Amino acid sequence: MTEYAIDWASWYIPLVPSLIAWWYYKNRTVSSEKRYLTFWPRLWASFVDSIVLWPLGTIFVLILQLDLPLWLFVTVGFLRSLPWMIYNIYLHGTYGQTIGKMVTSVKIIDAKTHNPISFRHAIVRDSIPILLILALAVYQAYHLTIGTISIDEIINNDPSTGAAWFGLILFVWWAAEVVTMLTNRKRRALHDFIAGTVVVRTNIETLDQEE
């Protein structure tokens with residue numbers, strides 16, 4: 001069986017931006033006029049979050065390298081997507097921030113009330129990528145069990161596994177998110193409009209807050 005290669009680049013490439021983000025934002029404050037200007041902090045936060053999740057992803061890769069029976073390979077392959085979902089939903093639903101957002105001083109709040117968001121907000125906010133990931137997992141699991149695709153084809157991201165279509169749809173969704181975010185005053189991405197949320201800076205200057 002073809003082995004999964006550990007993607008070391010997925011760890012050391014985001015490492016430098018993550019360290020830069022930590023250094024840049026640790027003592028930085030902004031004026032209240034920049035409360036909604038969160039594009040760059042959110043981008044830097046994504047690098048930090050990828051570093052946080054990398055160890056778990058690597059563990060799943062190592063497990064998938066074992067000579068697993070088909071049913072266990074399918075199960076582990078499905079579970080591989082869960083850390084990202086749980087990480088985002090739990091931290092957003094509990095704190096309004098992932099670790100990356102904590103580092104870059106931004107937080108998700110309810111767009112109308114400006115109150116902390118709920119787990120419902122957090123789930124709805126990530127619902128599109130979650131549904132896409134689940135759809136791909138179900139598609140691949142079904143075709144593995146009936147024998148129309150093989151484990152090696154999944155490992156090699158063969159077009160027959162649906163990975164190419166998944167990647168294309170996810171890219172279109174990501175592009176729509178960026179365009180939406182950059183074309184409104186509060187920098188709300190498409191998922192913010194769907195969930196009724198907005199991302200704000202938490203490092204507003206104290207003087208502005210007192211005024």
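Visitor: What pattern does the protein chain follow along the sequence?

Guide: Read in order, the pattern is α-α-α-α-α-β-α-α-α-α-α-β-α. That comes to 11 helices and two strands. Keep in mind that this is a predicted model.

Visitor: What does the C-alpha trace span along its principal axes?

Guide: About 65 × 30 × 25 Å.

Visitor: And how many of the 211 residues count as buried, in percent?

Guide: 42% of the protein chain's 211 residues count as buried. On contacts, take pairs at least 6 apart in sequence: 71% of them join residues at least 24 apart.

Visitor: Let's do helix pairs. How do α2 and α3 cross?

Guide: Helix α2 covers residues 39-64 and helix α3 covers residues 70-79. Their axes come within 10 Å and cross at roughly 170°. An angle over 145 degrees counts as roughly antiparallel, so α2 is roughly antiparallel to α3.

Visitor: Which residues make that contact?

Guide: From α2, F60, I63 and L64. From α3, F73, V76, G77 and L79. By class, the contact of α2 with α3 has six nonpolar residues, one polar and no charged.

Visitor: Now α4 and α7. Are they roughly parallel or antiparallel?

Guide: Roughly antiparallel. The axes of α4 (residues 82-95) and α7 (residues 127-146) cross at roughly 160° and come within 11 Å. The crossing of α4 past α7 is left-handed.

Visitor: Which residues meet there?

Guide: W84, M85 and I89 in α4 meet P129, I130, I133 and L134 in α7. By class, the contact of α4 with α7 has seven nonpolar residues, no polar and no charged.

Visitor: Stay on α7. What span should its 20 residues have, and what do the end C-alpha atoms give?

Guide: At 1.5 Å a residue, α7 should span 28 Å. Its end C-alpha atoms are 29 Å apart, which agrees.

Visitor: Which of its residues are buried?

Guide: In α7, the buried residues are P129, I130, L132, I133, L136, A137, Q140, A141, H143 and L144. They pack against α3, α4, α8 (151-155) and α9 (163-182).

Visitor: What follows α7?

Guide: G147, with a positive phi near 85°. Helix α4 is also followed by a glycine with positive phi: G96, near 80°.

Visitor: Back to α4, then. How far does it reach, first C-alpha to last?

Guide: 19 Å for 14 residues.

Visitor: What's buried in α4, and what does it pack against?

Guide: P83, M85, Y87, N88, I89, L91, H92 and G93 are buried in α4. The buried residues of α4 pack against α2, α3, α5 (99-104), β1 (106-110), α6 (119-125) and α7.

Visitor: Switching to a single residue. Where is A122 placed?

Guide: A122 is in helix α6.

Visitor: Why does A122 count as buried?

Guide: Because its relative accessible area is 1%, and buried means under 20%.

Visitor: Which residues does A122 touch, leaving out those up to four places away in sequence?

Guide: I89, H92, G93 and I117. Three names there, I89, H92 and G93, are also on the buried list of α4.

Visitor: Last one. How far is A122 from W40?

Guide: C-alpha to C-alpha, A122 and W40 are 21 Å apart in space. In sequence they are 82 residues apart.

Technical notes:
Residues are numbered from 1 along each chain as its sequence is written. This is a predicted model: local features need pLDDT of at least 70, side-chain atom pairs count only at pLDDT 80 or more; totals for chains, interfaces and linings use all residues. Side-chain values use heavy atoms; hydrogens and water are left out. Axes are lines fitted to C-alpha atoms, for helices over the stretch in contact, and angles run from 0 to 180 degrees between N-to-C directions. Helices (H or I, at least four residues) and strands (E, at least two) are DSSP runs, numbered from the N terminus. Angles under 35 degrees count as roughly parallel, over 145 as roughly antiparallel, 65 to 115 as roughly perpendicular and the rest as oblique. Contact means heavy atoms within 4.5 Å. Ala, Val, Leu, Ile, Met, Phe, Trp, Tyr, Cys and Pro count as nonpolar, Asp, Glu, Lys and Arg as charged, and the others, Gly among them, as polar. A crossing is left-handed if the near helix is turned anticlockwise from the far one by less than a right angle, and right-handed if clockwise. The expected span of a helix is 1.5 Å times one less than its number of residues. Buried means under 20% relative accessible area, exposed over 50%, partly exposed in between (1.4 Å probe, protein chains only).
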